[in-house]
Amino acid sequence: MSTAPARARAVASRASSPRVARRASSRPRARVAAARATAVDADATGPWNTAPLALTDDIYAYLLRNTREDAVLRALREETSELRGARMQVAPEQGALLALAVELLDARRVVEIGTYTGYSSIAMALAMREGGRLYACDRSEEALAVARRYWTSAGVDERIVEKFGDAKESARGLLEEFGENSFDLGFIDADKRAYREYYETLLRLVRPGGLIIVDNVLWYGKVADDTVMDKQTEAIREFNEFVTNDARVTYSMVPVGDGLSFCRKR
């Protein structure tokens with residue numbers, strides 16, 4: 001006769017004892033307290049009722065295994081990994097979230113500020129219905145040469161309109177061409193020191209109810225390190241503080257990839 005039921009009852013009995021219950025319930029609180037104790041300006045954050053998840057390599061590998069990624073995007077990710085500046089490419093889980101945003105909005109017109117080798121533009125274009133257009137703004141011919149090949153491989157080249165040159169000028173050109181409130185979604189992933197200018201232009205370009213999504217808002221953790229004072233980090237800090245208090249949008253910063261901010265125009 002198996003002793004498993006008896007062992008199970010014994011374990012259950014021990015687990016239900018007040019002393020064990022108190023010890024078990026105290027562990028999460030201890031982890032939260034320890035995490036909060038190391039936070040900068042902990043009093044300003046308020047209570048941490050849930051401990052932040054440490055994204056280990058194993059957890060991230062699990063996340064990637066459970067992220068939908070088109071074969072073309074995987075191939076592009078492999079090729080980009082060999083290029084200079086590969087970390088500028090959005091992560092697969094970011095691409096999936098951008099695609100979901102396009103579907104939720106049923107976005108027909110999208111502008112991307114910073115295209116690099118094309119991962120995010122393909123992820124969003126694949127999620128668009130027939131007749132949709134994505135305007136991809138970038139000034140790197142080398143990166144765009146890769147993007148063009150993969151736009152064609154993914155079958156979205158007819159949905160993507162390339163805007164080569166300074167992204168600020170390209171965005172202003174789209175505003176002149178289509179007018180205010182004419183786009184459903186804008187994605188910013190370019191010069192960090194120009195984030196505020198891109199944002200203000202897209203606020204005019206995107207319709208009420210539309211989204212502006214901004215990448216790299218956690219900037220490899222540098223924004224939370226007071227010893228880092230370079231111009232790009234300072235620019236992102238200032239941008240984050242500004243958007244947090246901008247009443248023109250509904251706003252949420254999420255720790256996906258290097259940090260994404262979602263700004264819904266009111």
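Start by selecting P255, which sits in the loop between β6 (249-254) and β7 (260-265). You're looking at a predicted model, so keep that in mind as you click around. P255 is exposed, with a relative accessible area of 68%.

**Zoom out for a moment**

Show the whole chain as a cartoon. There are 11 helices and seven strands to find. Of the 266 residues in the protein, 41% are buried. If you take the contacts between residues at least 6 apart in sequence, 66% of them join residues at least 24 apart.

Colour by pLDDT next. The average is 89, and 84% of the residues score at least 70. Then pick residues 1-26, where the pLDDT is below 50; beyond near neighbours in sequence, this stretch makes three contacts in the model.

**Next stop: D189**

N216 turns up again here. Select D189, in the loop between β4 (183-188) and α10 (195-205). Is D189 buried or exposed? D189 is buried, at a relative accessible area of 12%. Show side chains and you'll find a polar contact of 3.3 Å between those of D189 and K192. Then look past the neighbours within four places in sequence: D189 is in contact with M88, V90, I113, G114, Y195, D215 and N216.

**Follow the rings**

From Y195, go on to the aromatic residues. Y195, Y199, F239 and F242 are linked into a cluster by ring pairs. The structure as a whole has seven aromatic pairs. Two of them are worth a look.

Take Y135 and F178 to begin with. Their ring centres are 5.5 Å apart and the planes meet at 65°, so this pair is edge-to-face. Y135 belongs to strand β2 (residues 133-138) and F178 to helix α9 (residues 167-178), so the pair ties together parts 43 residues apart in sequence. Y135 counts as buried at 9% relative accessibility, while F178, at 24%, counts as partly exposed.

Y199 is in helix α10 and F242 in helix α11 (residues 231-244), so parts 43 residues apart in sequence are tied together by the pair. Y199 is buried, at 0% relative accessibility, whereas F242 counts as partly exposed at 25%.

The charged end of R87 sits over the ring of Y220, 3.9 Å from the ring centre. R109 lies over the face of F183, at 5.6 Å from the centre of that ring.

Switch to the backbone. Most residues other than glycine have a negative phi. With that in mind, select N181, in the loop between α9 and β4. N181 isn't a glycine, yet its phi is positive, about 60°. N181 counts as partly exposed, at 38% relative accessibility.

The other one is W219, in the loop between β5 (206-215) and α11. The phi of W219 is positive as well, near 50°. W219 is buried, with a relative accessible area of 8%.

**Last stop: α5 and what covers it**

Finish with helix α5, residues 71-80. Which of its residues are buried? They are V72, L73, L76 and T80. Turn the view to look down the axis of α5: the buried residues fall within an arc of 95°, so they line one face of the helix. At the start of α5, check D70, where a side-chain oxygen comes to within 2.9 Å of the backbone nitrogen of V72.

Now bring up the cover over the buried residues of α5, which includes α7 (119-127) and α8 (141-154). Select α7 by itself: eight of its nine residues are buried, so α7 is largely enclosed by the rest of the structure.

Terms used: Residues are numbered from 1 along each chain as its sequence is written. This is a predicted model: local features need pLDDT of at least 70, side-chain atom pairs count only at pLDDT 80 or more; totals for chains, interfaces and linings use all residues. Side-chain values use heavy atoms; hydrogens and water are left out. Buried means under 20% relative accessible area, exposed over 50%, partly exposed in between (1.4 Å probe, protein chains only). Helices (H or I, at least four residues) and strands (E, at least two) are DSSP runs, numbered from the N terminus. The arc is that of the directions from the helix axis to the C-beta atoms. Contact means heavy atoms within 4.5 Å. A polar contact is a pair of N or O atoms within 3.5 Å; within protein, one must be able to donate a hydrogen and the other to accept it, and residues adjacent in sequence count only if both atoms are side-chain atoms. Rings of Phe, Tyr and Trp (its six-membered ring) pair if their centres lie within 6.5 Å; planes under 30 degrees apart count as stacked, over 60 as edge-to-face and the rest as tilted. A charge sits over a ring if NZ of Lys or CZ of Arg is within 6 Å of the ring centre and within 35 degrees of the ring normal. pLDDT is the predictor's confidence in each residue, from 0 to 100.
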